[in-house]
Amino acid sequence: MNQTALIDNVIPCTDVVKRAARIGAEIKNIKLSGDLPDQTIAAINGLLLEHKVIFFRDQCHLDDAEQERFALRLGKLVPVPTLGATKGTMSMLEIDYERGGIRSDVWHIDLAYLEAYPKILVLRGVVIPPVGGDTVWSNTAAAYLDLPPPLQRLADDLWTVHSNAYDFAEISRPSAADKKLYDEILAGWKFETEHPLVRIHPETGERTLVLGYYVKRFLDIPKYDGQRLFNLFQSHITAPENTVRWNWKQGDVAIWDNRATIHYALKDYGDQPRVVHRAAIDGEVPVSVDGRSSVARVKVTKQPPANVT
């Protein structure tokens with residue numbers, strides 16, 4: 001029985017509507033909560049593994065506590081430091097770019113600079129601008145399969161260094177506030193990790209590409225050649241046919257597999273507020289094609305500022 005039939009068997013009248021051929025599905029006629037039966041949670045997880053990112057409209061009944069209770073059904077929650085936490089919960093992060101949030105209008109894997117970055121993210125739209133503010137996800141397993149066999153073999157052997165150190169050369173006219181924020185972050189929240197470019201998904205066995213904004217360089221590759229490799233593999237990941245775009249409404253929930261996707265939050269909403277709340281599910285240390293595990297190179301874990309992603 002496929003996952004779509006499974007969830008309909010568990011919850012009659014629940015519809016699964018694909019949003020793009022290779023990634024993304026909207027799950028209709030279901031009310032998320034921490035009290036859902038085990039069979040329903042298992043069906044939701046199966047749909048997540050199949051579609052990589054799944055969407056739920058009309059979840060305005062959720063508050064931070066109930067979003068956290070639901071997320072806890074998917075695995076162990078990643079605690080959020082006090083400065084970044086929403087009042088009353090242990091693991092809800094409020095992301096508000098206008099109030100000092102880290103920029104997310106770049107292709108990235110959430111917290112990929114950690115040795116074991118989160119496996120699943122649960123994001124809820126709280127304040128949504130009337131225009132703009134969409135998020136785009138891409139399927140990194142499909143991107144790997146699109147590579148010609150010689151490039152697959154090359155990718156299998158490559159390792160990268162991921163870091164949360166910010167390079168202001170990548171942005172024009174950075175503000176003094178941005179620089180001050182990142183100085184504060186790096187003073188107490190600094191990470192550098194070696195990840196394989198290709199990891200084996202621990203649940204599906206798929207090979208997925210681990211790339212994005214936090215990659216600073218390729219191991220044992222000169223910077224110039226490394227940048228060309230980055231552009232090559234990143235272009236396959238972000239090819240339009242591998243992507244799905246979600247137009248947020250207040251109360252929407254998006255859940256994505258952070259091990260098999262990369263995403264980009266568009267900052268095209270001017271000075272309108274956009275606030276989303278996120279829960280992160282603890283992940284596994286990535287394992288390469290030849291069985292080697294990711295390795296942390298630098299780890300400084302004092303209290304970070306809010307909105308670390």
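How many bridges join strand E6 to E12, and in which direction do the two strands run? In this predicted model, 4 bridges join strand E6 (residues 135-139) to E12, and the two run antiparallel. Within this pairing, Ser138 stands opposite Thr243 in E12. The two strands belong to an open sheet of 3 strands, ordered E12-E6-E14, with antiparallel pairing. Strand E12 (243-246) and strand E14 (261-265) are the edge strands, each pairing on one side only. From one strand to the next, the twist averages 20°.

Helix H2 covers residues 38-51; at 1.5 Å a residue, its 14 residues should span 20 Å, and the end C-alpha atoms are 20 Å apart, which agrees. H2 is mostly covered, since 10 of its 14 residues are buried. Among them are Ile41, Ile44, Leu47, Leu48 and Leu49, as well as Asn45 and His51. Just after H2, Lys52 adopts a positive phi of about 75°.

In helix H5 (residues 149-157), the buried residues are Gln152, Ala155 and Asp156. They cover an arc of only 105° around the axis, which puts them on the same side of H5. These buried residues pack against helix H4 (140-146), strand E9 (198-200), strand E10 (207-209) and helix H7 (223-237). The face turned away from the buried side of H5 carries the exposed residues Arg153 and Asp157.

**Salt bridges**

The structure holds 18 salt bridges.

| Pair | N to O separation |
|---|---|
| Arg73 and Asp38 | 2.7 Å |
| Arg297 and Glu192 | 2.8 Å |
| Glu194 and Arg297 | 2.6 Å |

Arg73 forms a salt bridge with Asp38. Arg73 lies in the loop between helix H3 (64-72) and strand E4 (93-96), and Asp38 lies in helix H2, so the pair ties together parts that are 35 residues apart in sequence. Arg73 is partly exposed, with a relative accessible area of 27%, whereas Asp38 is exposed at 60%.

Arg297 forms salt bridges with Glu192 and with Glu194. Arg297 lies in strand E16 (residues 295-301) and Glu194 in strand E8, so this pair ties together parts that are 103 residues apart in sequence. Relative accessibility is 37% for Arg297, which counts as partly exposed. Glu192 is partly exposed, with a relative accessible area of 22%, while Glu194, at 17% relative accessibility, counts as buried. Elsewhere, salt bridges that share partners join Arg199, Glu203, Asp257, Arg259 and Glu284 into one network.

Definitions and conventions:
Residues numbered from 1 in each chain as written. Predicted model: local features only at pLDDT ≥ 70, side-chain atom pairs only at ≥ 80, totals over all residues. Heavy atoms only, no water. Pairing = 2+ DSSP bridges. Axes fitted to C-alpha atoms, helices over the stretch in contact; angles between N-to-C directions. Buried < 20%, exposed > 50% of the residue type's maximum accessible area, 1.4 Å probe, protein only. Arc of directions from axis to C-beta. Contact = heavy atoms within 4.5 Å. Expected span 1.5 Å × (residues − 1). Salt bridge = Lys/Arg side-chain N within 4 Å of Asp/Glu carboxyl O.
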